[in-house]
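Please open the structure in a viewer and follow the selections below in order.

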Amino acid sequence: NILRLCQFLVSEPRLIAMGDRLKVTVLKGLAATSELLQVEVARESLVFELMLLLHKEIKLHWRRQRILCDGLPVDEADRWSQITRESSIDVQMLHCDHRHVNPIDDRTKLLAMVRCCGEALSYASPELKQDKDLVRIAVATTGESLHFAHKSLQKDRELVELGMSTNPNVFRIAGKMLRKEPDLAKRAIDADIDLIRYCDPDLLQNWEFMKYCVQKRASLLRYSKIWLDRKIYLAALERDGLVLEFLAEKALRGFRSRRGDVERCDDEEFVRTAVRQNGMALAFASERHREDVQCVLEAVRNDERAMKFVRSKPVICQVVKERPSALKHALWEFHDDLEVVEVAYASDPTSLKFAGTEAALGMIMEHGPKVLRFLKTSIQQDERVRHAISISEAEDLGEDTATEYLKDLKAT
């Protein structure tokens, strides 16, 4: 008989729906001039859950809402089964001034509300914010609701761990002593590495903790206040060459350079490891390494944009000889340097598209019209270059006349 009854109920879900569900129509204001929302809710659900849904749909915070049924206010913690036995109901929603609403001091009411939304704890009375059992339920629902609890409960490890289980950002709210604990901090960093910013400064001087952090993410080296192990640094550079920025002598002593006064790393092994992983790490290398051809070549092979950190002309010439396309990223003064452009052109004529106007005129003087097709369009449209093009293409001028004119043009 039970099996037959279950089969009948499954075949007729409408009968179950009539008993468990309620159709609620929310009208605006006492005059009920317009319909705001029509929704089906569970009969045993709270009025507060409807208010949360209204908050989501019409962007009016639940604390500003008042729900009326037949002109009488209903409480947030009331259940629909207590309000009506009908299959549908019309209610009115009023917009009230929340500034004049008293804090919630009814524990039973607040308990029902925080089971739905932990944020409700923010509107509790000061006494209820010290109720650990109540706060525990709120934190289990919404981790960040610990922010609204009394300061003494924010130092409670049990509540902090409960909040972090659903939202790691709760670590930011934890008391100072808890933010000193390595195991709790590791849990936070495992979830979000940016949470290291909220660790207690003393923890950043803990060798084991910082080793763990750097091994997890090389960029966390920036927060280190102590010297770790050379092998740890090399391993970090192999994963992220840009952490070379934090391996300069001043940074390792715990100092931070002023803006514009950047300390450069002069350790050869560190620099070579960094630029092999990321050529842009050359920005944090000392001048000695920026003038080292092999070091610069390693950086440029990884990322040609590293050329913009090189100021030595001999080094630039050596690099563009091997990688002519790197001329594109060199400092602009080298785009107009005829010697540098000549070296790049000898290796790859198409690199002439990176030449400046002055270098282009020099190349026309040296090599004649055959280089014109390699110049970029904006250079070809330059007035002086156009004169040079017309001279080169003029059939009625001799080679000596054209060369002499170009020399005068260059001098001008």
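Select Trp-62 to begin: with a relative accessible area of 0%, Trp-62 is buried (under 20% relative accessible area; exposed is over 50% and partly exposed in between, with a 1.4 Å probe and protein chains only). This is a predicted model, in which local features need pLDDT of at least 70 and side-chain atom pairs count only at pLDDT 80 or more, while totals for chains, interfaces and linings use all residues. Residues are numbered from 1 along each chain as its sequence is written, and side-chain values use heavy atoms, leaving out hydrogens and water.

The ring centres of Trp-62 and Tyr-123 are 5.2 Å apart with planes at 80 degrees, so the pair is edge-to-face (rings of Phe, Tyr and Trp, the last by its six-membered ring, pair if their centres lie within 6.5 Å; planes under 30 degrees apart count as stacked, over 60 as edge-to-face and the rest as tilted). Now include Phe-48, which forms one aromatic cluster with Trp-62 and Tyr-123.

Next, select Tyr-345 and Phe-374, an edge-to-face aromatic pair with 6.3 Å from centre to centre and 65 degrees between the planes. Tyr-345 counts as buried at 11% relative accessibility, and Phe-374 counts as buried at 15%.

Finally, display two charges over rings (NZ of Lys or CZ of Arg within 6 Å of the ring centre and within 35 degrees of the ring normal). The charged end of Lys-186 lies over the ring of Tyr-212, 4.9 Å from its centre. For Arg-230, the charged end is over the ring of Phe-270, 4.4 Å from its centre.
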